[in-house]
Amino acid sequence: METRHTIDRLDHVTEFVEDVGHRLTRLGVEGAVALALPFPLLAALAAATAPDSGASYTPWNYWCALMMPVMLSLASATVANADARMGNRPLLSIGTPLSCAWVAKTAWCLVISLLSILLVFAVYATLSVAVPEGAASIPAMLSAALSLVIANSWMIPATLFLTMRAGMLAGAFVPLAAQLGLSFGWSAVPFWPACPPTATIVLPTAFLPVLPSGELELSNRTDDEGNAIGACAVVRIPFSTSQPAP
């Protein structure tokens, strides 16, 4: 009898996981594709029109700072709100543990996050083959993509929790505001590895030739640009370190 009850319970959990999967497939895949493609396609267009300039990773930088958090926030809030409106009664009526529901929703949102970053990676991998000038290696781009999935993953449970407790608006916008504020304010965070929102903008620059500000890395600039920047830095040092005469 107890074995049969366990089997029935597993069947309910399986049905729920499939239901969440279908829900996210309908609501998340389209959004993931729509928000993932514009910036890398812009980089591809720029490389096609000016191939001598090489591949630019500035669109990647702006995508991970803007579009990826928006996509994660909307997908997570939409999935959580579908059950929050009914107070989890459909889940409780079929005997699904809320902890299993939480894990299933988080897992599917991570799948959507991985799908979106792999689309960006695929475009840039193709671009690196077509325009190898200034392009990062395939392993480096894949490492940057996986680091983004990990660094942004904190938004999923935060959005699910706030949506269930405080509603759709709070769940969608509070984690998103924290993510955008701390990522764009990366220079004000003293220890970025301890701050996941800041890590999303700083960590990929360890693998890609782009700075957190979106500017081209110094080593990838032309010689004239590099010499000009170096000269400006030398000129600024005495003025920034000089003290007024007593």
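Guide: What follows begins with how the model should be read, turns to the aromatic rings, and then visits a few other places.

This is a predicted model, in which local features need pLDDT of at least 70 and side-chain atom pairs count only at pLDDT 80 or more, while totals for chains, interfaces and linings use all residues. Residues are numbered from 1 along each chain as its sequence is written, and side-chain values use heavy atoms, with hydrogens and water left out.

The pLDDT is the predictor's confidence in each residue, from 0 to 100, and the protein averages 76, with 70% of the residues scoring at least 70. Confidence is highest in helix 6, at 93, and lowest in helix 10 (residues 223–241), at a mean of 34; helices here are DSSP runs of H or I with at least four residues, numbered from the N terminus. Over residues 220–246 the pLDDT stays under 50, and the model has 8 contacts there beyond four places in sequence, a contact meaning heavy atoms within 4.5 Å. Where pLDDT is low, the predicted coordinates should not be read in detail.

A search of the whole structure finds 3 aromatic pairs, where rings of Phe, Tyr and Trp (its six-membered ring) pair if their centres lie within 6.5 Å, and planes under 30 degrees apart count as stacked, over 60 as edge-to-face and the rest as tilted. Tyr57 and Trp60 form a tilted pair, 6.4 Å centre to centre and with 45° between the planes. The rings of Tyr57 and Tyr124 have centres 5.0 Å apart and planes at 20°, so this pair is stacked. Because Tyr57 lies in the loop between helix 2 (38–49) and helix 3 (58–84), whereas Tyr124 lies in helix 5, the pair ties together parts that are 67 residues apart in sequence. Tyr57, Trp60 and Tyr124 form one aromatic cluster. Both Tyr57 and Trp60 are buried, a word that means under 20% relative accessible area, with exposed over 50% and partly exposed in between (1.4 Å probe, protein chains only). For Tyr124, which is also buried, the relative accessible area is 1%.

Gln179, in helix 8, counts as buried at 0% relative accessibility, and, leaving aside neighbours within four places in sequence, its contacts include Pro69, Asn152 and Trp154. Asn152, for its part, has its place in helix 6 and is likewise buried, at 0% relative accessibility; beyond four places in sequence, Asn152 touches Met68, Pro69, Leu72, Gln179 and Thr200.

Trp192 sits in the loop between helix 8 (168–184) and helix 9 (196–202), and a relative accessible area of 30% makes Trp192 partly exposed. Not counting residues up to four places away in sequence, Trp192 touches Thr198, Ala199, Val202 and Leu203. The C-alpha atoms of Trp192 and Leu203 are separated by 8.8 Å, although these residues are 11 apart along the chain.

Key
Helix = DSSP H or I, 4+ residues; strand = E, 2+ residues; numbered from the N terminus.
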